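Here is a short briefing to read alongside the structure.

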Amino acid sequence: MKYARVGFDIGLFSNTRDEQLDFWQQVVGLPYDHMGKLGGGMQQHRHHLHGAILKMNHARQPLPTAPASGYRELIVAQPGRTTLASLSDPDGNRVVLVPPDHDGVATVALVQETADMAAMTRFYRDGLGLEEVAPGRFRTGQALIVLRQGTAPERCDDWRAPGYRYITFQVDDARTGFAEALANGAETGAPLRDMGDLVRFGFIRDPDGNWIEISERTTFTGHPLAA
């Protein structure tokens, strides 16, 4: 997998727009980037997160009831912080604020719960090519994915549901990256599609069924989408 940008974006869905924006901007301290329309009454409020993006997707209509994904906790390093703060956003998503480099977290870490550590390790290490810096800890740039032994999430086939729902990797060639991921154990969540001539994206699913977006964006790759 050839990446166009290190790190990963984190996507969540919510019906509580104003409360969520206040939490992520005022409590967590993330700078607001811009709002994009997703269609179907959804707006994506993008926030800068240590070189990546936190995507707070607001749905005007009630979101469907769905089981939690395997993405259980977001750890964010705050410059100048000296103590830990364990918080929940307005929808109950767990957020932990830590001093930089606490427990090896230089910028951000996403904690993912799984019942099959071996399968998920193979997926991130061999399927996506992330660096395994310690058992169950995978690095891309300065960001981490941290696996935690637990129960497998109940499979959810609707990725637009409350809570942390997906992560995004920016790649140099979405077609190649998508095919490589499928060849190494991923399954298709949603096929690749083009958004104009700027973005090509699709979704794969990990061994537990969690959603992962594979995105080729010309602003990161520096070249046009292949025909």
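## Briefing on the chain

Please keep in mind that this is a predicted model. Of the 227 residues in the chain, 50% count as buried. The secondary structure comes to four helices and 15 strands. The radius of gyration is 17 Å, close to the 17 Å that the globule rule gives for 227 residues, so the chain is as compact as a globular protein of that length.

**Overall shape and surface**

- The C-alpha trace spans about 50 × 40 × 35 Å along its principal axes.
- Take the contacts between residues at least 6 apart in sequence: 62% of them join residues at least 24 apart.
- The chain has an accessible surface of about 10100 Å², and carbon and sulfur atoms account for 51% of it.
- On the charge side, there are 23 positive and 28 negative charges, and their mean positions are 3 Å apart.

**Salt bridges**

- How many salt bridges does the structure hold? The count is 15, and a few of them are set out here.
- Arg148 pairs with Glu113, with the closest N and O atoms 3.2 Å apart. Since Arg148 belongs to strand 11 (residues 143-149) and Glu113 to strand 8 (residues 108-114), the pair ties together parts that are 35 residues apart in sequence.
- Arg155 forms a salt bridge with Glu187, and here the closest N and O atoms are 2.8 Å apart. This pair links distant parts of the chain: Arg155 sits in the loop between strand 11 and strand 12 (163-170), and Glu187 in strand 13 (residues 187-195), 32 residues apart.
- Arg155 is partly exposed, with a relative accessible area of 42%, and Glu187 is partly exposed too, at 31%.
- A network is also present: salt bridges that share partners join Arg5, Asp9, Lys55 and Glu213.
- Arg125 bridges to Glu132, with 3.4 Å between the closest N and O atoms. Arg125 counts as partly exposed at 34% relative accessibility, and Glu132 is partly exposed with a relative accessible area of 32%.

**A buried phenylalanine**

- Where does Phe13 lie? Its place is in strand 1 (residues 9-14).
- Is Phe13 buried or exposed? With a relative accessible area of 0%, Phe13 is buried.
- Leaving aside residues up to four places away in sequence, Phe13 touches Met42, Asn57, Leu63, Asp91, Trp159, Arg160, Ala161, Pro162, Gly163, Arg165 and Tyr166.
- Phe13 and Thr218 are 205 residues apart along the chain, and their C-alpha atoms are separated by 25 Å.

**Helix 2 and the residue after it**

- Which residues of helix 2 (residues 117-127) are buried? They are Ala119, Met120, Thr121, Phe123, Tyr124 and Gly127.
- As background for reading that pattern, an α-helix has 3.6 residues a turn, so residues three or four places apart point the same way.
- Just after helix 2 comes Gly129, which takes a positive phi of about 75 degrees.

- What is the phi of His50? The angle is near 50 degrees, a positive value in a residue other than glycine.
- His50 is found in the loop between strand 3 (42-49) and strand 4 (52-59), and at 40% relative accessibility His50 counts as partly exposed.
- Asp101 also has a positive phi, near 75 degrees, and is a residue other than glycine.
- The loop between strand 7 (94-98) and strand 8 holds Asp101. At 56% relative accessibility, Asp101 counts as exposed, because exposed means over 50%.

Terms used: Residues are numbered from 1 along each chain as its sequence is written. This is a predicted model: local features need pLDDT of at least 70, side-chain atom pairs count only at pLDDT 80 or more; totals for chains, interfaces and linings use all residues. Side-chain values use heavy atoms; hydrogens and water are left out. Helices (H or I, at least four residues) and strands (E, at least two) are DSSP runs, numbered from the N terminus. The radius of gyration is taken over C-alpha atoms; the globule rule is 2.2 Å times the number of residues to the power 0.38. Buried means under 20% relative accessible area, exposed over 50%, partly exposed in between (1.4 Å probe, protein chains only). Contact means heavy atoms within 4.5 Å. Accessible areas come from the Shrake-Rupley method with a 1.4 Å probe; for residues, only the protein chains shown count as cover. Lys and Arg count as positive and Asp and Glu as negative; His and the chain ends are not counted. The place of a charge is taken as NZ of Lys, CZ of Arg, CG of Asp or CD of Glu. A salt bridge is a side-chain nitrogen of Lys or Arg within 4 Å of a carboxyl oxygen of Asp or Glu.
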